[in-house]
Amino acid sequence: WIPKQLDIMRGRCGSKASSRSKLFHAVSNRVRRMGIFAIFLVVLIVAVSTFDMSHRTDTRKHVLKEHFVATSTEVVAPLPQAPDETLNATRNKEVGGAPSEQSNVNTTKPPPTPKPKYIPAREKYFRAYKAWILGEYAKNGNVSNPVDTLRKSLAIMREDKSNASVGVVVAHYKEDLSWLDEWFPEDIEGLNVYVYSKGNEYINCSRPVQSFTLPNVGMCDHTYLTHILRKYEELDDQLLFLTDSVPFLTYKTAQVDFILHKMPMNKGIVPWREYNLETALEMDSLNVPEYCQAGTNNVKSSRCQTARSEFRNYGAFRRYMLRREEGRKIVRSRGAVYWGVFGAAKEAIIWRRKQLYENLLDSLSQSIHPENAHYMERLWVDTFLGSILEEEEEE
């Protein structure tokens with residue numbers, strides 16, 4: 001187009017300068033017209049889009065309004081009329097009048113649905129754990145005295161190993177211990193009972209026990225670590241760790257029954273329930289600034305305060321303690337045992353070096369109610385399942 005326009009203008013003007021000037025004006029006019037057309041087109045598109053969007057918004061509001069009215073309106077059936085009202089309605093009909101009608105539509109706005117309460121993952125885990133233990137206890141007949149289960153399990157163990165033994169480690173403070181005579185009678189061969197007392201109460205059981213006195217620090221976990229270190233070279237084949245309140249609390253009795261049923265097959269620790277990933281991550285960030293014992297009915301008081309740990313949280317405690325044991329791989333956290341009641345196999349205990357138990361005992365020896373004791377409650381599974389979990393991860 002430009003060469004054509006240039007030839008036309010040269011023919012009209014006869015000179016290059018004037019033809020260039022004419023060409024410049026022609027091009028400018030063409031660009032100006034194209035710009036005006038483009039602006040008009042953009043304005044038209046914006047106007048159409050705005051109108052369409054406004055129309056859609058109005059339509060959506062109308063639909064939502066109809067939906068709300070349809071779902072929130074409740075039709076109430078008319079109440080039966082009393083005899084006097086029926087008579088009045090009949091008289092009104094005879095004289096040509098119409099009975100007064102009351103609206104039977106209730107337009108009251110329904111109450112808002114309450115939001116479900118948030119439950120932390122570790123709380124869900126604990127509830128599922130407790131329901132699992134009580135469910136297994138019910139399947140086994142809710143036996144209040146597990147002595148028969150103990151006899152059967154020990155007999156099964158002795159079929160494979162003639163001198164197999166079971167050690168019962170009791171963390172005692174002030175409860176009555178006469179129940180030891182019924183639960184762990186003296187006539188069971190291969191059964192040893194150890195009582196570690198941290199109070200001034202008399203050990204009132206008639207069967208012979210190996211008794212020891214300890215300072216009142218570190219809760220029951222301190223007691224269990226003390227026994228492991230004291231008997232490390234001569235541990236029983238299976239160990240049952242108990243608190244002195246076991247027969248007085250149903251969930252603890254249920255846990256003992258579960259442990260004794262699983263004892264012949266146990267190569268690590270029982271019972272334990274595996275974390276899901278959310279629970280494992282949340283458990284690593286656990287802090288326990290206060291925790292009330294069962295006797296305080298979970299009422300906050302000075303007795304509920306824990307001696308704060310030097311570690312930021314449970315995850316830091318766990319990694320520090322397990323990392324200090326050279327030559328052992330740190331596997332991810334798998335689960336927890338509760339209430340200070342669990343069973344452990346000798347082979348799982350001695351798989352860990354003695355130094356680890358010494359380090360753990362030192363961390364619990366500073367106060368009566370240390371935060372580290374609550375961390376230790378969750379570390380037992382990873383401690384005693386170490387060999388099994390390491391083999392699984394290598395496979």
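Biologist: Why is tyrosine 375 called buried?

Modeller: In this predicted model, tyrosine 375 has a relative accessibility of 0%, and because buried means under 20% relative accessible area, tyrosine 375 counts as buried.

Biologist: What makes phenylalanine 317 and tyrosine 375 an aromatic pair, and what makes the pair tilted?

Modeller: The two rings lie 5.6 Å apart, centre to centre, and since rings pair if their centres lie within 6.5 Å, phenylalanine 317 and tyrosine 375 form a pair. Their planes make an angle of 45 degrees; planes under 30 degrees apart would count as stacked and those over 60 as edge-to-face, so this pair is described as tilted. Phenylalanine 317 belongs to helix α10 (residues 314–323) and tyrosine 375 to helix α13 (residues 371–384), so the pair ties together parts that are 58 residues apart in sequence. Phenylalanine 317 has a relative accessible area of 0% and is buried.

Biologist: Which residues form one aromatic cluster, and how many aromatic pairs are there?

Modeller: The count comes to 26 aromatic pairs, and one cluster is formed by Tyr125, Phe126, Tyr129, Trp132, Tyr251, Phe258, Tyr275, Tyr338 and Trp339.

Biologist: What makes the contact between aspartate 237 and lysine 161 a salt bridge?

Modeller: The nitrogen-to-oxygen distance between these side chains is 2.6 Å, and because a salt bridge requires such a distance within 4 Å, aspartate 237 and lysine 161 qualify. The pair links distant parts of the chain, 76 residues apart, with aspartate 237 in the loop between α7 (219–230) and β6 (238–243) and lysine 161 in the loop between α5 and β3 (166–172). Aspartate 237, at 18% relative accessibility, counts as buried, whereas lysine 161, at 37%, counts as partly exposed.

Biologist: Why is glutamate 189 called exposed, and where does its salt-bridge partner, arginine 158, lie?

Modeller: Glutamate 189 has a relative accessible area of 62%, and because exposed means over 50%, glutamate 189 is called exposed. Its side chain meets that of arginine 158 in a salt bridge of 3.5 Å, N to O. Arginine 158 lies in helix α5 (residues 147–160) and glutamate 189 in the loop between α6 (180–183) and β4 (191–197), so the pair ties together parts that are 31 residues apart in sequence. Arginine 158, at 24% relative accessibility, counts as partly exposed.

Biologist: Where do lysine 139 and glutamate 136 lie?

Modeller: Both lie in helix α4 (residues 121–139), 3 residues apart, about one turn of the helix, and their side chains meet in a salt bridge of 3.6 Å, N to O. Lysine 139 is exposed, at 66% relative accessibility. The structure holds 13 salt bridges.

Biologist: Why does aspartate 257 have no salt bridge?

Modeller: The nearest side chain of opposite charge, lysine 152, is 9.5 Å away, and because a salt bridge must be within 4 Å, aspartate 257 has none, although aspartate 257 is buried. Aspartate 257 lies in helix α8 (residues 250–262), and, leaving aside neighbours within four places in sequence, aspartate 257 is in contact with Tyr137, Asn140, Val143, Pro146 and Thr149.

Conventions. Residues are numbered from 1 along each chain as its sequence is written. This is a predicted model: local features need pLDDT of at least 70, side-chain atom pairs count only at pLDDT 80 or more; totals for chains, interfaces and linings use all residues. Side-chain values use heavy atoms; hydrogens and water are left out. Helices (H or I, at least four residues) and strands (E, at least two) are DSSP runs, numbered from the N terminus. Buried means under 20% relative accessible area, exposed over 50%, partly exposed in between (1.4 Å probe, protein chains only). Lys and Arg count as positive and Asp and Glu as negative; His and the chain ends are not counted. Contact means heavy atoms within 4.5 Å. Rings of Phe, Tyr and Trp (its six-membered ring) pair if their centres lie within 6.5 Å; planes under 30 degrees apart count as stacked, over 60 as edge-to-face and the rest as tilted.
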